[in-house]
Amino acid sequence: GGSQGLGLAIAARLLAEGASVELWDIDDVSLADAEKSFGAGARIRAVHVDVGSEDSVNAARDAALAHWGNVSILVNNAGIGGPIA
């Protein structure tokens with residue numbers, strides 16, 4: 001997810017280097033908070049995406065291409081913590 005932890009840190013660094021960034025996450029509250037944390041005028045979009053759903057990913061990809069025109073960097077940072085045995 002891009003709205004917290006490592007994903008958010010990567011997004012912040014990319015923004016600082018001049019990139020436009022799209023955050024994908026399933027957590028709408030974290031997405032809204034992350035987007036607000038960069039302030040007005042940031043080149044960022046927060047999008048609800050369930051990476052466990054191919055349809056959700058495809059729709060988000062199509063919307064990103066329509067909005068930005070192209071994608072130069074993709075960071076796949078989705079993770080789900082579970083029981084450790």
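This is a predicted model: local features need pLDDT of at least 70, side-chain atom pairs count only at pLDDT 80 or more; totals for chains, interfaces and linings use all residues.
Residues are numbered from 1 along each chain as its sequence is written, and side-chain values use heavy atoms, with hydrogens and water left out. Local features need pLDDT of at least 70 and side-chain atom pairs count only at pLDDT 80 or more, whereas totals for chains, interfaces and linings use all residues.

Empty space was examined first. Rolling a probe the size of a water molecule over the atoms shows where empty space is left. The search ran on a 1 Å grid over the protein atoms alone. A cavity is a set of points where a 1.4 Å probe fits but cannot get out. A pocket is an open set with protein on both sides within 12 Å along at least five of seven lines. Grid points are joined across faces, edges and corners, and a volume is the space filled by probe spheres set on the points. The largest pocket has a volume of about 1100 Å³. Its lining holds 35 residues, a lining residue being one with an atom within 4 Å of a point. E22, L23, W24, L74 and V75 lie nearest the pocket centre. Helix 1 (5-16), strand 1 (21-25) and helix 3 (54-68) are the elements that give two or more residues to this lining. Helices (H or I, at least four residues) and strands (E, at least two) are DSSP runs, numbered from the N terminus. By type, the lining divides into 20 nonpolar, 11 polar and four charged residues. Here Ala, Val, Leu, Ile, Met, Phe, Trp, Tyr, Cys and Pro count as nonpolar, Asp, Glu, Lys and Arg as charged, and the others, Gly among them, as polar.

The interior came next. A nonpolar core is a set of buried Ala, Val, Leu, Ile, Met, Phe, Trp, Tyr and Cys residues joined through side-chain atoms within 4.5 Å. Buried means under 20% relative accessible area, exposed over 50%, and partly exposed in between (1.4 Å probe, protein chains only). The largest such core has seven residues: A11, L15, V21, L23, L31, A34 and I44. Helix 1, strand 1 and helix 2 (28-37) each give two or more residues to this core. A11 is in contact (heavy atoms within 4.5 Å) with V21 and L23, leaving aside neighbours within four places in sequence.

V47 belongs to strand 2 (residues 44-48). V47 counts as buried because its relative accessibility is 17%. V47 and D25 are 22 residues apart along the chain, and their C-alpha atoms are separated by 6.6 Å.

K36, in helix 2, is exposed because its relative accessible area is 66%.

Charged pairs complete the picture. The whole structure has three salt bridges, each a side-chain nitrogen of Lys or Arg within 4 Å of a carboxyl oxygen of Asp or Glu. R45 and E22 meet at 3.0 Å, N to O. This pair links distant parts of the chain, R45 in strand 2 and E22 in strand 1, 23 residues apart. R45 is partly exposed at 24%, whereas E22 is buried at 19%. E17 bridges to R13, with the closest N and O atoms 3.2 Å apart, and both residues are exposed. D62 and R61 meet at 2.9 Å, N to O. D62 is partly exposed at 42%, and R61 is partly exposed at 40%.
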